[in-house]
Amino acid sequence: MIQYQKVTTKAKNQRKDFLHKKSNQITNDYHAIVVEDVNLSNLAQCLSLGKKLHDNGFGMFRTMLQYKSKKKGKYYIVADKYFASSKLCSECNHKKDKLKISERIYMCDNCGTKIDRDYNAGRNLKYYGIRILHEQSIIA
Ligand SMILES: [Zn+2]
């Protein structure tokens with residue numbers, strides 16, 4: 001039991017260490033960080049991940065990104081929870097009515113764009129962040 005506890009504690013520390021390194025790298029390299037306002041409990045249920053998602057430290061990672069951004073004078077932007085990062089086409093802004101979780105490739109019915117689903121969502125979040133920074137006159 002003590003051995004098991006040692007192993008899990010070590011694994012937890014390694015994961016935390018990794019999250020610290022990654023969040024440091026991101027907050028050093030970028031001026032603005034945009035995250036989605038996802039409800040982690042809903043997401044975990046949706047993906048049937050249960051406790052696993054929390055164990056993976058998603059929430060901890062966001063917290064790290066937030067306070068490190070603040071400390072370094074970077075912008076930490078949380079996209080509105082109704083922002084459809086996955087359903088929007090990052091090329092033409094067309095919005096899909098439906099997008100199944102199993103559709104890993106985003107195919108636009110309007111302009112024919114065919115790109116990785118997560119890459120498309122990431123680009124949409126980037127444009128979202130840029131728009132927010134424009135609106136707040138932080139960038140011209
Ligand atoms: Zn399109």
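Helix H1 covers residues 2-29, which is 28 residues. The model is a predicted one.

**Helix H1**
- Leu19, Ser23 and Thr27 are buried in H1.
- An α-helix has 3.6 residues a turn, so residues three or four places apart point the same way.

**Helix H4**
- H4 is 14 residues long. From its first C-alpha to its last it reaches 20 Å, close to the 20 Å expected at 1.5 Å a residue.
- Its buried residues are Met64, Leu65, Lys68 and Ser69. They cover an arc of only 125° around the axis, which puts them on the same side of H4.
- The cover over these buried residues includes H1, S1 and S2.
- Lys70 and Lys71 are exposed, and sit on the face of H4 turned away from the buried side.
- Gly73 follows H4. The phi of Gly73 is positive, near 70°.

**The zinc site**
- Four cysteines coordinate the zinc ion through their SG atoms: Cys89, Cys92, Cys108 and Cys111, at 2.3 Å.
- The angles among the four donor atoms run from 107 to 113°, and the site is tetrahedral.
- Ideal angles for four tetrahedral donors are 109.5 degrees.
- Along the chain, the donors of the zinc ion follow the spacing C-x2-C-x15-C-x2-C.
- Cys89 lies in the loop between strand S2 (75-79) and strand S3 (105-107), while Cys108 lies in the loop between S3 and strand S4 (114-116), so this pair ties together parts that are 19 residues apart in sequence.
- Both Cys89 and Cys108 are buried.

**Two residues of helix H5**
- Ala121 lies in helix H5, which spans residues 117-135. Ala121 counts as buried because its relative accessible area is 8%, and buried means under 20%.
- Leaving aside neighbours within four places in sequence, Ala121 is in contact with Ser85 and Ser86.
- Lys87 is 34 residues from Ala121 along the chain, yet their C-alpha atoms are separated by 7.9 Å.
- Arg123 is also found in H5. With a relative accessible area of 17%, Arg123 is buried.
- Arg123 is in contact with Ser90 and Glu91, again leaving aside neighbours within four places in sequence.

Methods:
Residues numbered from 1 in each chain as written. Predicted model: local features only at pLDDT ≥ 70, side-chain atom pairs only at ≥ 80, totals over all residues. Heavy atoms only, no water. Helix = DSSP H or I, 4+ residues; strand = E, 2+ residues; numbered from the N terminus. Expected span 1.5 Å × (residues − 1). Buried < 20%, exposed > 50% of the residue type's maximum accessible area, 1.4 Å probe, protein only. Donors = N, O, S within 2.8 Å, 3.2 Å for Na, K, Ca; no water. Tetrahedral: all angles 85-135°; square planar, octahedral: opposite > 155°, others 65-115°. Contact = heavy atoms within 4.5 Å. Arc of directions from axis to C-beta.
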